Amino acid sequence: MNGPDVKAMGKVAVLMGGKSAEREVSLMSGAGVLKALQSKGVDAHAFDPSERDLVELKRKGFQRCFIALHGRFGEDGTVQGALELLGIPYTGSGVLASAMSIDKVMTKRAWITEGIPTPRYAVLRKDGYDAARLAKVVEELGLPLIVKPAREGSSIGLCKVRAASEMEAAVAAAAALDRDVLCEQFVAGEEVTCPVLGTGDSARALPVIRIVAPEGNYDYQNKYFTDDTKYLVPCGLPEGEEAAIQELVVNAYRVLGCRGWGRVDVMIDAATRKPYLLEINTSPGMTGHSLVPMSARAAGISYEDLCLQLLAEAALDQPEDAQA
Ligand SMILES: Nc1ncnc2c1ncn2[C@@H]1O[C@H](COP(=O)(O)OP(=O)(O)O)[C@@H](O)[C@H]1O
Ligand SMILES: [Mg+2]
């Protein structure tokens, strides 16, 4: 099979770093992507939007961008919008899908409308709740429950609330990071994540990865800085469950109109074996520890080929030739 025409891709910027809370991870992702693309002969260069104005991309003749930014100002539709205006095709989802997906509340609303299972929830507005409202949320969702900011990643500001007395501090911590605080029913069971590649009808799921964290504590530290968490691929789920999750995840991706790639986090209720979708990441990690490359490898796609394939599918919501 012939690979993508590397020369035709022209000068490529790997956007990395940025100013979100996930800057550190993004720099690791970007370094990996840059090296992989260069090893394939792509004329790729690092570009940190927190240090340089995006307008420079046009002036310096960049023809395509690989977005290796995570979180706000990178994964949330803002950089995508800027690149739309500059007319430079970029990897991954477009403006609307990125903006919807970064917001866990909007994502859940879209999924619920389309019958995709996600844990029961309540939204609190920063400065818009009191003790009575907190008590009501605890009553509705039961304990334990999960509190998280609507638009952070990497478990930042996320808290498992085990007693009603812990609610106030948990909500205040999340509200310090976002005006919307998502309170969610806790799903006790197995955690899996499933990448999706492609767009629309051609979108397909990669192998499911099962995540086994020490004491079931899958937090920021375990995710990036220790080797204690086990990632199982093949995931070893009972027959049929993996295929059902893959089908669900592709559907969830299409509902949001995602493009290029994404990764959906899922909890499987231990009692009912029912999967609940937590969130979708539209610019997933690409570090040495990261899950999309791990799953791709299990499907026979090397890290380098994955990067090249994503770059080859770079696109615009509004292609320039369609613009008036
Ligand atoms: N409702 C929930 N029930 C059980 N565990 C949860 C729930 N929400 C989050 N978690 C745990 O917290 C982790 C991070 O939550 P997630 O919603 O994926 O946000 P992010 O990865 O953006 O921080 C999940 O991978 C899971 O381990
Ligand atoms: Mg997650």
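Which side chains meet in a salt bridge at 2.8 Å, N to O? They are those of E184 and K148, where a salt bridge is a side-chain nitrogen of Lys or Arg within 4 Å of a carboxyl oxygen of Asp or Glu. E184 lies in strand 7 and K148 in strand 5 (residues 145–149), so the pair ties together parts 36 residues apart in sequence; strands (E, at least two residues) and helices (H or I, at least four) are DSSP runs, numbered from the N terminus. E184 is buried at 2% relative accessibility, and K148 is buried at 6% (buried means under 20% relative accessible area, exposed over 50%, partly exposed in between, with a 1.4 Å probe and protein chains only).

The model is predicted: local features need pLDDT of at least 70 and side-chain atom pairs pLDDT 80 or more, while totals for chains, interfaces and linings use all residues. Side-chain values use heavy atoms, without hydrogens and water, and residues are numbered from 1 along each chain as its sequence is written.

The whole structure holds 20 salt bridges. In one of them, R72 and D178 meet at 3.3 Å, N to O. R72 is partly exposed, with a relative accessible area of 28%, whereas D178 is buried at 4%.

Helices meet here too. The axes of helix 6 (residues 131–141) and helix 7 (residues 167–175) come within 10 Å and cross at roughly 100°; axes are lines fitted to C-alpha atoms over the stretch in contact, with angles from 0 to 180 degrees between N-to-C directions. The contact (heavy atoms within 4.5 Å) is made by L134, V137 and V138 of helix 6 and M167, E168 and V171 of helix 7.

Note on methods
Chains lettered and ligands numbered in written order.
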